[in-house]
Amino acid sequence: MISPEPLVIALGGNALLQSGQSGSFEEQDANFQPAASKIADLIQGYRVVLTHGNGPQVGYILLKNEIAKKYAPPFPIDACGAQTQGWIGYMIQQSLKNILNTRGMEKEVITIITRVKVDKNDPAFQNPTKPIGPFFNNDQVASIMAERPDWTIKEYTGRGYRRVVPSPKPLHIVESHAICTMVDAGFLVIACGGGGIPVIEKNDTLIGVEAVIDKDLASE
């Protein structure tokens, strides 16, 4: 029997969180349902790996961290990225599994918290370009920059201002062997959410860094 062809499907973070919405879990889950049905249509003919963006979502988590920092210590960007991989993966995983069950299709869906190795000397660390989080107006930006002068804020003409962070080039998916093993075993795998959690190698160990990897580059 010939094995089905592999297929990588990449969902943008803005496909889950649309302009003008509050960003609630319920809204994003509802936004995903049309895509979930289309993805389920492809299961029979392909071995699917699903990736997703997280720009708006990780930005909101970082914003919540800033608001609540008097009461709980804020987490770094890489840990917030891992958090989005978990809850977005859960949302996608549950939706797809429910649809497959209603269609009588026996297919397991699994989310892998995925790290991606980057170069610690990547020039992106000196030139942040990746937008995350919501748009701000002039008054909000002035307040934010007074509070967090270490942030880089970029103006988007006609839309407002948005925080940007480093976006280094992905070099290697650390969990690639696990992903391939599960795909070959017949799982529908959700991996590299948000482009993966960026890590660098230092003294033969991997360390998370404050950055966001482009999910399309990681998907490639």
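Figure 1. The protein is shown as a predicted model, in which local features need pLDDT of at least 70 and side-chain atom pairs count only at pLDDT 80 or more, while totals for chains, interfaces and linings use all residues. Residues are numbered from 1 along each chain as its sequence is written, and side-chain values use heavy atoms, with hydrogens and water left out. Strand β6 (residues 152–156) pairs with β7 in the antiparallel sense over five bridges, where two strands are said to pair if DSSP finds at least two bridges between them. Helices (H or I, at least four residues) and strands (E, at least two) are DSSP runs, numbered from the N terminus. Three residues lie between the strands of this hairpin, and G158 takes a positive phi near 85 degrees.

Figure 2. Not counting residues up to four places away in sequence, P128 touches T152, V164, V165 and P166, a contact being defined by heavy atoms within 4.5 Å. The C-alpha atoms of P128 and S167 are 6.6 Å apart in space, although these residues are 39 residues apart in sequence.

**Figure 3. The open sheet of four strands, in the order β8-β4-β10-β11 and with mixed pairing.** Its edge strands are β8 (172–173) and β11 (205–208), each of which pairs on one side only. Strands of a sheet pair through backbone hydrogen bonds, either parallel or antiparallel. Between β4 and strand β10 (residues 197–202) the sense is parallel, over three bridges, and R115 stands opposite I197 in β10.

**Figure 4. L206, a residue of strand β11.** L206 has a relative accessible area of 38% and is therefore partly exposed. Leaving out residues up to four places away in sequence, it touches R115, V174, V199, I200 and E201. L206 and R115 are 91 residues apart along the chain, and their C-alpha atoms are separated by 9.4 Å.

**Figure 5. The cluster of F25, W87 and Y90, linked by ring pairs.** The structure holds three aromatic pairs, counted when rings of Phe, Tyr and Trp (its six-membered ring) have their centres within 6.5 Å, with planes under 30 degrees apart taken as stacked, over 60 as edge-to-face and the rest as tilted. The pair of F25 and W87 is tilted, because the ring centres are 6.0 Å apart and the planes stand at 55 degrees. F25 lies in helix α2 (residues 25–42) and W87 in helix α4 (residues 77–102), so this pair ties together parts that are 62 residues apart in sequence. F25 and Y90 form a stacked pair, with 6.0 Å centre to centre and 25 degrees between the planes; as Y90 lies in helix α4 and F25 in helix α2, this pair ties together parts that are 65 residues apart in sequence. F25 is partly exposed at a relative accessible area of 33%, as is W87 at 22% relative accessibility, and Y90 is partly exposed with a relative accessible area of 44%.

**Figure 6. Q57 in helix α3 (residues 55–68).** Q57 counts as buried, at 2% relative accessibility. Leaving aside neighbours within four places in sequence, Q57 is in contact with G13, L16, L17, Q28, T84, W87 and I88. The buried residues of α3 are G55, P56, Q57, V58, G59, I61, L62, N65 and E66, and what covers them includes α1, α2, α4, β5 (130–136) and β7 (160–165).

**Figure 7. Two arginines over aromatic rings, R162 over the face of F135 and R163 over the face of W151.** R162 lies at 5.2 Å from the ring centre of F135, whereas R163 lies at 4.0 Å from that of W151. A charge sits over a ring if NZ of Lys or CZ of Arg is within 6 Å of the ring centre and within 35 degrees of the ring normal.

Key:
Buried means under 20% relative accessible area, exposed over 50%, partly exposed in between (1.4 Å probe, protein chains only).
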